[in-house]
Amino acid sequence: MLLRELPNLPVPRSVVDDVINFHCAIANRHQIFFLWRPFLRDPQDDMVLELAVKAGCDAIVTYNQRDFAGVEETFQIRVVAPGEFLKDIGA
């Protein structure tokens, strides 16, 4: 998803690649065994939701907030736009 935003970012592709590679290097892998799938309309969004639930995330940051309808009530995970998230963390 970060690569999709590359045209809107004031950094070269090499910086974005470095950020992605860093996150992949420090990431913890988890197997997911949830039986409530499908919950969302898009199976790709379900994968994001499953990861957020497994990781105990407080929020899912996405431009597609409406695609995650029902997540806040069912899983107590906030769904916020990137700008709102940056304001929340004081960036």
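A surface patch here is a group of residues that each have over 30% relative accessible area and no salt bridge, with nonpolar side chains joined within 5 Å. With that in hand, meet this predicted model. One such nonpolar patch covers about 310 Å², the largest nonpolar core holds nine residues, and the salt bridges number five.

**The patch on the surface**
- Leu2, Leu9, Val11, Val15 and Val19 make up the nonpolar patch.
- Val15 sits in helix 1, which runs over residues 13-26.

**The core inside**
- The largest nonpolar core is built from Leu40, Leu49, Ala52, Ile60, Phe68, Val71, Phe75, Ile77 and Val79.
- Helix 2 (43-55) and helix 3 (71-75) are the elements that give two or more residues to this core.
- Take Ala52 from that list: setting aside neighbours within four places in sequence, Ala52 is in contact with Cys57, Ile60 and Ile77.

- Opposite charges on side chains can pair up when the charged atoms come close.
- Arg37 and Glu50 form a salt bridge, with their closest N and O atoms 2.6 Å apart.
- That pair links distant parts of the chain, 13 residues apart: Arg37 is in the loop between helix 1 and helix 2, and Glu50 is in helix 2.
- Glu50 is buried, with a relative accessible area of 9%, while Arg37 is partly exposed at 35%.
- Arg41 and Asp67 also meet through their side chains in a salt bridge, at 3.2 Å from N to O.
- Here the two residues are 26 apart in the chain, with Arg41 in the loop between helix 1 and helix 2, and Asp67 in the loop between strand 1 (59-61) and helix 3.
- Arg41 counts as exposed at 69% relative accessibility, whereas Asp67 is partly exposed at 24%.

**Arg78 and its partners**
- Arg78 is found in strand 2, residues 78-80, and is partly exposed with a relative accessible area of 36%.
- Arg78 forms a salt bridge with Asp88, and the closest N and O atoms are 2.4 Å apart.
- Because Arg78 lies in strand 2 and Asp88 in helix 4 (residues 82-88), this pair ties together parts 10 residues apart in sequence.
- Asp88 is partly exposed too, at 45%.
- A network of salt bridges links Arg78, Glu84 and Asp88.
- Not counting residues up to four places away in sequence, Arg78 touches Asp58, Ala59, Ile60, Glu72, Glu84 and Asp88.
- The C-alpha atoms of Arg78 and Asp58 are 6.2 Å apart, although 20 residues separate the two along the chain.

Notes
Residues numbered from 1 in each chain as written. Predicted model: local features only at pLDDT ≥ 70, side-chain atom pairs only at ≥ 80, totals over all residues. Heavy atoms only, no water. Patch = residues over 30% accessible without salt bridge, like charges linked within 9 Å, V, L, I, M, F, W, Y side chains within 5 Å. Areas by Shrake-Rupley, 256 points an atom, 1.4 Å probe, with all protein chains shown as cover. Salt bridge = Lys/Arg side-chain N within 4 Å of Asp/Glu carboxyl O. Helix = DSSP H or I, 4+ residues; strand = E, 2+ residues; numbered from the N terminus. Core = buried A, V, L, I, M, F, W, Y, C linked by side-chain atoms within 4.5 Å. Buried < 20%, exposed > 50% of the residue type's maximum accessible area, 1.4 Å probe, protein only. Contact = heavy atoms within 4.5 Å.
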